[in-house]
Amino acid sequence: MKSYGSQSMVEPLRRVLVRRPDDAFGNADPDHWHYTSRPDLGRARAEHDALVATLVECGCEVLFHETPLPDHADAIFTHDPVIVTDEGAIILGMGKVRRRGEEAAIAATLDRLGVPILTTLEGDATAEGGDLLWLDHDTLAVGRGYRTNAEGLRQLTAAMRPLGARTIEVQLPHAGGPEACLHLMSMISMLDHDLAVVYMPLLPVPFVELLDERGVELVEVPEEEYPTMGPNVLALAPRKCLAIEGNPITQARLEAAGCEVLTYRGAELSLKAEGGATCLTRPIIRR
């Protein structure tokens with residue numbers, strides 16, 4: 001049986017890669033990394049340990065990305081430098097300049113774990129995992145914004161063809177500009193094949209229409225819960241999910257839609273550093 005394969009956002013999460021907060025995260029200069037303030041490393045580690053414990057309790061094998069990455073505070077967000085397909089990993093290209101170098105490091109970790117490298121984006125191509133959303137096994141929505149450029153989309157599209165998969169371009173808004181972390185998954189998370197949690201004001205109309213055509217029910221995050229990452233929700237299985245605590249309206253709406261909602265404390269890990277449960281995890285196996 002393969003030890004990798006994850007062309008889904010919602011199938012049961014069986015194997016996942018995380019990175020425990022290290023000194024680079026604890027010493028992060030908020031101005032350089034676009035954090036709201038400097039994280040408290042001890043508290044961040046406690047929050048991360050609790051998140052990992054929840055994943056394990058839900059039947060997930062948790063693997064650790066420990067390849068040294070000095071001065072890379074954002075490396076705790078293992079979702080972004082790579083995407084894992086049924087045939088192996090595609091190493092991406094970071095659009096955030098300070099994150100460059102994470103790609104080779106995570107490739108080394110995946111090689112150690114027995115996950116083959118299918119291809120690596122080259123040249124000027126940039127693409128980050130937070131912009132890549134599986135709508136189904138053979139359809140990858142790609143957010144085209146400041147973190148994922150046209151060449152990145154072109155190379156991803158080429159990489160998907162041998163897998164029998166296609167890409168759909170989703171144009172992202174300017175919003176907070178190039179320094180802010182606005183990914184496609186900043187505004188949408190899939191929680192079942194026909195259910196998503198969304199922040200509607202930022203979603204492009206053609207993408208909303210596409211979701212409607214596909215029969216996807218949309219659970220809307222209220223304006224006041226967007227800054228606290230209401231849309232950033234990790235599916236552990238269809239309609240079972242992990243969300244940051246402190247978004248009661250979104251949680252109640254998800255539960256009304258039939259979801260079991262687990263929460264984690266992310267004051268240091270997430271709210272200060274612009275990365276939620278999906279960002280902190282790179283699925284290796286969903287099945």
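This is a predicted model: local features need pLDDT of at least 70, side-chain atom pairs count only at pLDDT 80 or more; totals for chains, interfaces and linings use all residues.

Residues are numbered from 1 along each chain as its sequence is written, and side-chain values use heavy atoms, with hydrogens and water left out.

**Exercise 1.** Find how many cavities of 30 Å³ or more there are, and describe the lining of the largest cavity.

Solution. Start from the definitions: on a 1 Å grid over the protein atoms alone, a cavity is a set of points where a 1.4 Å probe fits but cannot get out, a pocket is an open set with protein on both sides within 12 Å along at least five of seven lines, and lining residues have an atom within 4 Å of a point. Grid points are joined across faces, edges and corners, and a volume is the space filled by probe spheres set on the points. The count comes to six cavities, and the largest cavity has a volume of about 90 Å³. Of its 14 lining residues, the closest to the centre are Asp74, Phe77, Arg99, Cys181 and Glu274. Next, sort the lining into nonpolar (Ala, Val, Leu, Ile, Met, Phe, Trp, Tyr, Cys and Pro), charged (Asp, Glu, Lys and Arg) and polar (the others, Gly among them), which gives six nonpolar, two polar and six charged residues.

**Exercise 2.** Describe the largest pocket by volume and by the classes of its lining.

Solution. The volume is about 400 Å³. Among the 21 lining residues, Cys181, Ser186, Tyr226, Met229 and Glu274 are the closest to the centre of this pocket. By class, the lining has 11 nonpolar, nine polar and one charged residues.
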